[in-house]
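Have the viewer open and follow along.

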Amino acid sequence: MRGALLAAAGRTMGGSGGPLARTIRSKLTAALQPTHLEVRDDSPRHGGPPGAETHFGVLVVSGLFAGLPPLQRHRLVHEALREELAGPLHALQVTARTPEQWQSDPRVPPAPPCLGGSKRERRRG
Amino acid sequence: VVVFMKGSPAQPLCGFSNAVVQILRLHGVEDYRAHDVLQDPDLRQGIKDYSNWPTIPQVYLNGEFVGGCDILLQMHQNGDLVEELKKLGIRSALLDAEKDQEKK
């Protein structure tokens, strides 16, 4: 079954992803015990070479989010990935829902297109 | 309204930063302080330390950190952003747009 996150990205992800994708998956699973988890590598859309693993999107569905406002939910996700965010993980799009919310709304926003970022600044000199 | 972003509202240099600019624009909010973190690496790290938030863009309303692009989008979709702007004395353009719709 194609995940909603991947469908929003408009493509299938080959295999289980690279090493960072697997780390993200296992850390989020351990920290948040999700009932549903999707990890999407958006790096190719941001000018990185294949396998760059710098920009990710995650969809986390977990009962642990119940009663928490979006900011707190996102902070939980960031906590789990603190090391990665201090290092190679450059951008992280987060969709955090409770199982009930996921049931009633399984849509996920797509990643916004890249607009060049710091690379563009440097080229302009 | 204060935004820390990559690039400027006139020329965002990142899809997530652009999303924030576009959402604010939809609400008629164009006159806000925008800081381009690409111009200043100390600012780029400093603002992440300050808010304890690892990514850019960052949106502050009335000095309080609200979130990044994902959260702003959610607030826009569920009506919270209109309410938060109202608290700041800013009337969202979307309210006027709705009023026009009703008149028709």
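At what angle do the axes of helix α3 and helix α4 of chain B cross? They cross at roughly 95° and come within 5 Å, with α3 covering residues 69-78 and α4 residues 80-87. Axes here are lines fitted to C-alpha atoms, for helices over the stretch in contact, and angles run from 0 to 180 degrees between N-to-C directions. Since 65 to 115 degrees counts as roughly perpendicular, α3(B) and α4(B) are therefore roughly perpendicular to each other.

Before going on, some ground rules. This is a predicted model, where local features need pLDDT of at least 70 and side-chain atom pairs count only at pLDDT 80 or more, while totals for chains, interfaces and linings use all residues; side-chain values use heavy atoms, without hydrogens or water. Residues are numbered from 1 along each chain as its sequence is written, and chains are lettered from A and ligands numbered from 1 in the order in which they are written.

Back to the helix pair. B:L72, B:M75, B:H76 and B:N78 of α3(B) meet B:D80, B:L81 and B:E84 of α4(B), where contact means heavy atoms within 4.5 Å. By type, the contact residues split into three nonpolar, two polar and two charged.

Chain B also has an open sheet of four strands, in the order β2-β1-β3-β4, with mixed pairing. Strands β2 (33-36) and β4 (64-67) of chain B sit at the edges with a single partner strand each, so one side of each has no neighbour in the sheet. From one strand to the next, the twist averages 25°. Helices (H or I, at least four residues) and strands (E, at least two) are DSSP runs, numbered from the N terminus, and two strands pair if DSSP finds at least two bridges between them.

| Strand pair | Sense | Bridges |
|---|---|---|
| β1(B) and β2(B) | parallel | four |
| β1(A) and β2(A) | antiparallel | six |
| β2(A) and β3(A) | parallel | seven |

In the chain B pair, B:V2 has B:R33 as its bridge partner in β2(B). Over in chain A, A:R40 stands opposite A:G57, and A:E38 is opposite A:L59. In β3(A), A:A96 is the bridge partner of A:V60.

How buried is β2(A)? Seven of its seven residues are buried, meaning under 20% relative accessible area with a 1.4 Å probe, protein chains only. A:H55, A:G57, A:L59 and A:V61 cover one side, and A:F56, A:V58 and A:V60 the other. Strand β1 (residues 36-41) of chain A has five of its six residues buried, so it is largely enclosed by the rest of the structure.

Notes:
Buried means under 20% relative accessible area, exposed over 50%, partly exposed in between (1.4 Å probe, protein chains only). Angles under 35 degrees count as roughly parallel, over 145 as roughly antiparallel, 65 to 115 as roughly perpendicular and the rest as oblique. Ala, Val, Leu, Ile, Met, Phe, Trp, Tyr, Cys and Pro count as nonpolar, Asp, Glu, Lys and Arg as charged, and the others, Gly among them, as polar.
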